[in-house]
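Here are my notes on the model you sent. Please read them with the structure open.

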Amino acid sequence: MDYPLINPDDDKDIRPEVSVFKADLLSNPTPIEDRFTKFSTWDSLVSALSILRHVSASYRGSIDCTSWHLCNKTKCESALKDTEDFILRCVQAQAFRGELEAIKGKCDLPKDSRIQHLSPYIDNVGLLRIGGRLNNLKSTGLASLNPVIVPRGHVATLLVRFFHNKVFHQGRTITEGAVRSHGFWILGGKRLISSIIYACVVCRKLRRRPQEQKMADLPVDRLTPGPPFSSVGLDVFGPWPVLTRKTRGGSAQSKRWAVLVTCLTTRAVHIEVIEDMSSSCFINALRRFVALHGPVKLIRSDKGTNFIGAVNDLHVNAINVEDNEVQTYLKNNRATWLFNAPHASHMGGVWERAIGSARRILDSMLLQEVPKELTHEVLVTLMAEVCAILNSRPITALDADPSSPMVLSPNILLTQKQGEIGTFSDHLSIKDMYSASWKHVQVLSDMF
Ligand SMILES: [Zn+2]
């Protein structure tokens with residue numbers, strides 16, 4: 001059987017597909033004021049609309065010049081002024097429809113009108129201006145006598161930003177003065193100007209107070225009451241040049257460093273002088289410290305080049321905590337060494353602050369007391385005295401209450417002796433010590 005092919009155009013069963021597009025622009029046109037929101041500056045809005053009006057006028061044939069750029073300056077300026085008036089007329093027509101109709105019809109303004117108290121009138125270019133009582137001064141031509149009323153909205157915002165930039169980001173009064181003196185009366189202008197200045201990036205850079213960092217919670221070992229030097233923070237500082245006399249071979253090593261150990265609970269400080277930045281010297285210093293102050297459970301430090309590995313290959317003087325020697329010593333003494341995150345010296349504020357104080361005291365001592373050359377013995381003595389001064393510092397805010405004149409210092413918590421540096425005074429009872437320690441813990445969380 002034959003099935004002849006039918007041309008689709010001749011097939012009556014296939015219905016042609018017809019699409020109809022209808023552009024409905026006139027029945028509900030977008031108000032031109034809404035299109036102003038596409039512009040972020042007053043300048044760009046005025047120049048874009050000027051060009052648009054120019055092109056439109058040239059198509060209509062009402063002007064002979066077809067190129068905007070070929071217009072002479074006076075013409076451009078007058079065109080820009082016309083465009084500004086046009087923009088303001090547009091926003092006024094949307095915001096003050098009732099008022100404009102009332103004024104044109106010589107009726108009273110609507111009772112709920114926002115501009116009733118401004119006694120507005122329409123000028124010769126169709127702009128709504130403030131009437132005021134100085135109309136006899138019109139001949140002076142001052143625009144600020146009868147300013148144009150600008151409703152709050154995008155155009156008002158652009159105007160405020162424009163004049164705010166013109167006065168180089170000065171405050172509200174100067175910006176508002178610039179707006180007024182150029183003949184604009186913005187409804188609710190003060191609030192609008194304040195909000196724009198508040199959000200202005202340049203003004204924030206210039207005048208805003210820097211924001212403060214919120215401090216994190218203190219670690220548990222800073223807040224747990226316990227015997228002094230159970231949990232410590234540790235760092236090394238120095239070096240100082242020291243005069244070393246040797247019979248043969250000259251002076252091989254003439255530098256000294258100091259290991260500062262600070263108790264995380266009582267904030268007491270102990271300083272050991274070391275002859276070399278090496279693991280063995282460091283272990284010796286740690287052993288001297290433990291012999292004096294008892295075993296340490298937790299050691300915290302920053303992860304600086306003083307303490308971590310890979311420095312041996314660089315031939316840098318360093319204590320390698322990851323060395324077997326140090327690790328074995330820590331293990332035998334049941335001590336844990338915790339590193340802070342690398343490059344986060346702000347996390348070790350406890351010992352960084354103590355080191356800063358120790359440096360200042362030492363600088364003062366070296367300036368006043370030491371003759372020409374510093375020797376190892378003098379340095380050790382000075383460090384002991386630095387410790388004494390640091391440990392006698394108040395660790396709480398000094399109370400203005402005359403009934404509690406006692407100054408709580410790490411020395412009191414360490415020795416239970418109250419008094420001046422190096423002098424013996426009253427013996428504190430254990431009860432006093434614990435209440436002082438507990439007060440210290442409470443105040444610490446406020447202070448640090
Ligand atoms: Zn600004």
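1. Start with the contacts along the chain. Take pairs in contact that are at least 6 residues apart in sequence: 58% of them join residues at least 24 apart. Keep in mind that this is a predicted model.

2. The overall inventory comes next. The chain has 15 helices and nine strands. It runs to 448 residues, and 23% of these count as buried.

3. As background, strands of a sheet pair through backbone hydrogen bonds, either parallel or antiparallel.

4. Now follow the pairing of strand 6. On strand 5, residues 231-241, it has an antiparallel partner; eight bridges join strand 5 to strand 6, residues 255-263. Gly-233 has Thr-262 of strand 6 as its bridge partner. Phe-237 stands opposite Ala-258 in strand 6. Strand 6 also pairs with strand 7, again in the antiparallel sense, over six bridges. Here the bridge partner of Ala-258 is Val-273 in strand 7. Ala-258 therefore can be traced to Phe-237 and to Val-273, given that two strands pair if there are at least two bridges between them.

5. Check the turn between strands 6 and 7. This hairpin has five residues between the strands. Within the hairpin, Arg-267 takes a positive phi near 65°.

6. How many residues of strand 6 are buried? Eight of the nine are, so strand 6 is largely enclosed by the rest of the structure.

7. The largest nonpolar core has 36 residues. Val-259, Leu-260, Ile-271 and Val-386 have the most contacts inside it. Which element supplies the largest share of this core? Strand 6 does, with six residues. Other elements that each supply at least two residues include strand 5, strand 7 and helix 10. Helix 12 (349-368), helix 13 (376-391) and helix 14 (410-415) also each supply at least two.

8. Turn to a helix pair. Helix 5 (residues 154-166) packs against helix 7 (residues 189-199) at an angle of about 60°. Their axes are 10 Å apart, and the crossing is right-handed. From helix 5, the contact uses Ala-156, Thr-157, Val-160, Arg-161 and His-164. From helix 7, Leu-192, Ile-193, Ile-196 and Ile-197 meet them. By type, the contact residues divide into six nonpolar, two polar and one charged.

9. Last, a loop residue. Thr-37 lies between helix 1 (32-35) and helix 2 (42-60). Is Thr-37 buried or partly exposed? With 13 other C-beta atoms within 10 Å, Thr-37 is partly exposed; a buried residue would need 20 or more. Thr-37 also sits 6.2 Å from His-154, C-alpha to C-alpha, although the two are 117 residues apart in sequence.

How values were computed. Residues are numbered from 1 along each chain as its sequence is written. This is a predicted model: local features need pLDDT of at least 70, side-chain atom pairs count only at pLDDT 80 or more; totals for chains, interfaces and linings use all residues. Helices (H or I, at least four residues) and strands (E, at least two) are DSSP runs, numbered from the N terminus. Axes are lines fitted to C-alpha atoms, for helices over the stretch in contact, and angles run from 0 to 180 degrees between N-to-C directions. A crossing is left-handed if the near helix is turned anticlockwise from the far one by less than a right angle, and right-handed if clockwise. Two residues are in contact if their C-beta atoms, placed from the backbone, lie within 7 Å. Ala, Val, Leu, Ile, Met, Phe, Trp, Tyr, Cys and Pro count as nonpolar, Asp, Glu, Lys and Arg as charged, and the others, Gly among them, as polar. A nonpolar core is a set of buried Ala, Val, Leu, Ile, Met, Phe, Trp, Tyr and Cys residues joined through C-beta atoms within 7 Å. A residue is buried if 20 or more other C-beta atoms lie within 10 Å of its own, exposed if 12 or fewer, and partly exposed in between; C-beta atoms are placed from the backbone.
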